[in-house]
Amino acid sequence: MDLFEYMSEVKKEKESPLASRLRPSTLEEVVGQKHIIGKDKLLYRAIKADKLSSIIFYGPPGTGKTTLAKVIAGTTSAKFHQINATIASKKDMEQVVEEAKNTLGMYGQKTILFIDEIHRFNKGQQDYLLPFVEDGTLILIGATTENPYFEVNGALLSRSIVFELKPLEKEDILELIHRAVNDEKKGMGSFGAVMDEDAAEFLAEISDGDARMALNAVELGILTTDRSEDGKIHITLEVAEQCIQKKAVRYDKDGDNHYDTISAFIKSMRGSDPDAAVYYLAKMLYAGESVTFIARRIMICASEDVGNADPNALILAVSAANAVHQLGMPEARIVLAQAAIYVACAPKSNASYMAVDKALEVVKDSKNTGIGMDVPVHLKDAHYKGAAKLGHGLGYQYAHDFPNHYVKQQYLPDALAGRHFYEPSEMGYEKMIRQHMEYICRETE
């Protein structure tokens, strides 16, 4: 590094955000996450012994994923490379791999590759890393806010240890806030700021376990607040409230909160609670969830959980999906609310859903694919030359030739004759279906 590069790095460090400057350089300085970096824990021992295998850090923003990677970089004897999956190309990875091979071959030194936001890599990019992780050319450290069991290549995941980072406790955030205000070397101690305890408590509470959010608020407060007559910068509760105008909704469109919220939305519709359904709908819309995704989930619920108890539910849900496609936001919110509330309030039956799953179980059961499972001869196609010689279609009775357009004959394979998959419930329109089926069957007896 020449003088100009050195001065550039020094300037960058001074001007970097407080959350970045305050990052610890040793394990002892790390706040929180004692369930994985306590002194008796595997990760702590591995870092101290410099015996790391490939790992994936998974957790919400601001919980210390990059921080732990930086600590590893400062304590390991291995060469350390960092890339961000949002901007890195395959060429960048090829360059790291080539350097890693040379370093290992010439000096016997291992290489750690830290990939921030690894979930942003597509399957091909993740596959490229696999052989080099497997043969030890690279020790991979991946960081992701998304559930790695959904987003990371299974083969890559099987060669890594997943460490889940939890949102920081309120006490952890408080410790970081006081460190930020008072630390003259890494923090903002040189500004002579004083933070009221109720302001610190408020920021620790409202940051919801996200250290970065709290530290950004501290920095903003100190940099934008005038000094008082005593020459100090006083961060009061009022100042703290101004620095965080709105608490962000806890919702990641591709992560755990996404799956948890959509799950609650569907279960609220299934459970006939329109108030809860519209609340979770509002939460998803506020967080920027795709309106087409929401519409698809309503359609599924309309068929799976309402079914023939109210056939109009699916019709309305499909119409809503088309309307959402045509309208977009903000008007789409009204259409989605109408559909979700209708589905929530509709009579419920999962009989159709259960019927097809029962039938699928029978079909995939190897014991039910042999003798007696063939299509009955009288139902086989008779519209081709020679079918009659095979007996296909002979004896078939055309339902419309009989009273009530119904005639009792066998439709299922011999081995399943008399088997029932669809059992209409007593709910809504499905009660009428049950009564109709009982009537036409009784009339032909």
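**Exercise 1. Find which residues Thr 66 touches, not counting residues up to four places away in sequence.**

Solution. Thr 66 touches Arg 23, Phe 114 and Asp 116. Contact here means heavy atoms within 4.5 Å. Helices are DSSP runs of H or I with at least four residues, strands are runs of E with at least two, and both are numbered from the N terminus. Last, check burial. Thr 66 has a relative accessible area of 12%, so it is buried. The classes are buried under 20% relative accessible area, exposed over 50% and partly exposed in between (1.4 Å probe, protein chains only).

The model is predicted: local features need pLDDT of at least 70, side-chain atom pairs count only at pLDDT 80 or more, and totals for chains, interfaces and linings use all residues. Residues are numbered from 1 along each chain as its sequence is written, and side-chain values use heavy atoms, with hydrogens and water left out.

**Exercise 2. State how many salt bridges a search of the whole structure finds, then work through examples.**

Solution. The search finds 14 salt bridges. The criterion is a side-chain nitrogen of Lys or Arg within 4 Å of a carboxyl oxygen of Asp or Glu.

- Step 1. Lys 48 and Glu 28 pair at 3.2 Å, N to O. Lys 48 lies in helix H4 (residues 42-49) and Glu 28 in the loop between helix H2 (18-21) and helix H3 (34-37), so the bridge ties together parts 20 residues apart in sequence. Lys 48 is partly exposed at 48%. Glu 28 is partly exposed at 47%.
- Step 2. Lys 186 bridges to Glu 29, with the closest N and O atoms 3.5 Å apart. Lys 186 is in the loop between helix H10 (170-182) and strand E6 (193-195), Glu 29 in the loop between H2 and H3, so the pair ties together parts 157 residues apart in sequence. Lys 186 is partly exposed at 23%.
- Step 3. Glu 99 meets Lys 79, the closest N and O atoms being 3.8 Å apart. Glu 99 belongs to helix H6 (residues 90-107) and Lys 79 to strand E2 (residues 79-84), so this pair ties together parts 20 residues apart in sequence.
- Step 4. Shared partners join Lys 170, Glu 201 and Glu 205 into one salt-bridge network.

**Exercise 3. Locate Tyr 398 and decide whether it is buried, partly exposed or exposed.**

Solution. Tyr 398 is in the loop between helix H19 (351-364) and helix H20 (428-443). Its relative accessibility is 46%, so Tyr 398 counts as partly exposed.
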